[in-house]
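Welcome! Take a moment to look over the sequence and the 3D picture below, and then we will walk through them together.

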Amino acid sequence: MKDHIVVLSGAGVSAESGLSTFRDSGGLWENYSVFDVATPEAFRRDPALVLRFYNDRRCQLAEVEPNAAHRALAELEKDFRVTIVTQNVDDLHERAGSSKVVHLHGELTQARSSRLDDLIYPIGYKPIELGDTCELGSQLRPHVVWFGEQVPMLEAAAGVVASADHLLVVGTSLQVYPAAGLVDFADPDVPITVIDPGEPARVNRATVIRKKASEGVSEWVARLRGQGR
Ligand code: APR
């Protein structure tokens, strides 16, 4: 049976593709406070601003490419069972070739009914405008988990982490719960590696590779293959 590699990724894995992280930019996301664009209240208060913010993010995503870290993680599937649990709403893991990606915080490339959560529509990189409605006639919204909203994939993600033989944490400050708490679901004897050029979040018993994702992931993969596991 192939070892199961589980990767918990965050905004840092897409930084070298040109997408900004959340906390490196002083709490602003592309110059917006998350409270103006990433909460249900913000959407109620100014839906046009929120839609424009995510339309810009989707437009930007169409212009960027996966980086060496995304590609190295996709390559791993040749020799291991790999599941990516990401907090990112971009599609760069998928575009690099990863076949099992759990999006904890939703996906930019999907729209959702603002009335019924189950009504989800693939939209690629197209904008959502005021007046774009679901089949029930309600306004469409980004299929993104906003602050204060439930994380529907959390239980599934916890089960994935609990089944890991190796856990890699890459490009996340692990400051946002419940996602950050997922590391605690790994078995005590499972090796954990954290890759982050900055001050990585404290993960007890983790090996830290203090490098950018593109370099750090390749180094980690070489170690993994060297172990012949
Ligand atoms: N390679 C690897 N890590 C990097 C790189 C890089 N090139 N550049 C920055 N980092 C690290 C930073 O040091 C930081 O630890 O990536 C991490 C990014 O942390 P955040 O900006 O907090 O992003 P993330 O952890 O994904 O945020 C979690 O918060 O705003 C919400 O919903 C949003 O999903 C997001 C969640």
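Let us begin with the ligand. In this predicted model, 21 residues surround the ligand, and the closest are Phe 22, Arg 23, Thr 172, Ser 173 and Asp 196.

| Residue | Protein atom | Ligand atom | Distance |
|---|---|---|---|
| Gly 12 | polar backbone atom | nitrogen | 3.3 Å |
| Ser 173 | N or O atom in the side chain | oxygen | 2.6 Å |
| Ala 213 | backbone N or O atom | nitrogen | 2.8 Å |

How much of the ligand's accessible area does the protein cover? On its own, the ligand has 730 Å² of accessible area, and the protein covers 92% of that.

Now step back and look at the whole chain. The protein chain is divided into two parts: domain 1 takes in residues 1–19, 66–105 and 150–229, while domain 2 takes in 20–63 and 111–144. Notice that each domain is put together from separate stretches of the sequence. Taken over C-alpha atoms, the centres of domain 1 and domain 2 are 25 Å apart.

Where the two domains meet, 14 residues of domain 1 are in contact with nine residues of domain 2. The size of an interface is often given as the accessible area lost when the parts come together. For domain 1 and domain 2, the buried area is about 910 Å², and carbon and sulfur atoms give 61% of it. On the side of domain 1 that touches domain 2, there are six nonpolar, five polar and three charged residues.

What about salt bridges across this interface? The rule finds zero between domain 1 and domain 2. Three residue pairs, however, are in polar contact between domain 1 and domain 2.

Notes
Residues numbered from 1 in each chain as written. Predicted model: local features only at pLDDT ≥ 70, side-chain atom pairs only at ≥ 80, totals over all residues. Heavy atoms only, no water. Domains from an automatic or database assignment. Contact = heavy atoms within 4.5 Å. Buried area = accessible area lost by both parts, 1.4 Å probe. Salt bridge = Lys/Arg side-chain N within 4 Å of Asp/Glu carboxyl O. Polar contact = N/O pair within 3.5 Å; in protein donor to acceptor, adjacent residues only side chain to side chain. Nonpolar A, V, L, I, M, F, W, Y, C, P; charged D, E, K, R; others polar. Near = heavy atom within 4 Å. Areas by Shrake-Rupley, 256 points an atom, 1.4 Å probe, with all protein chains shown as cover.
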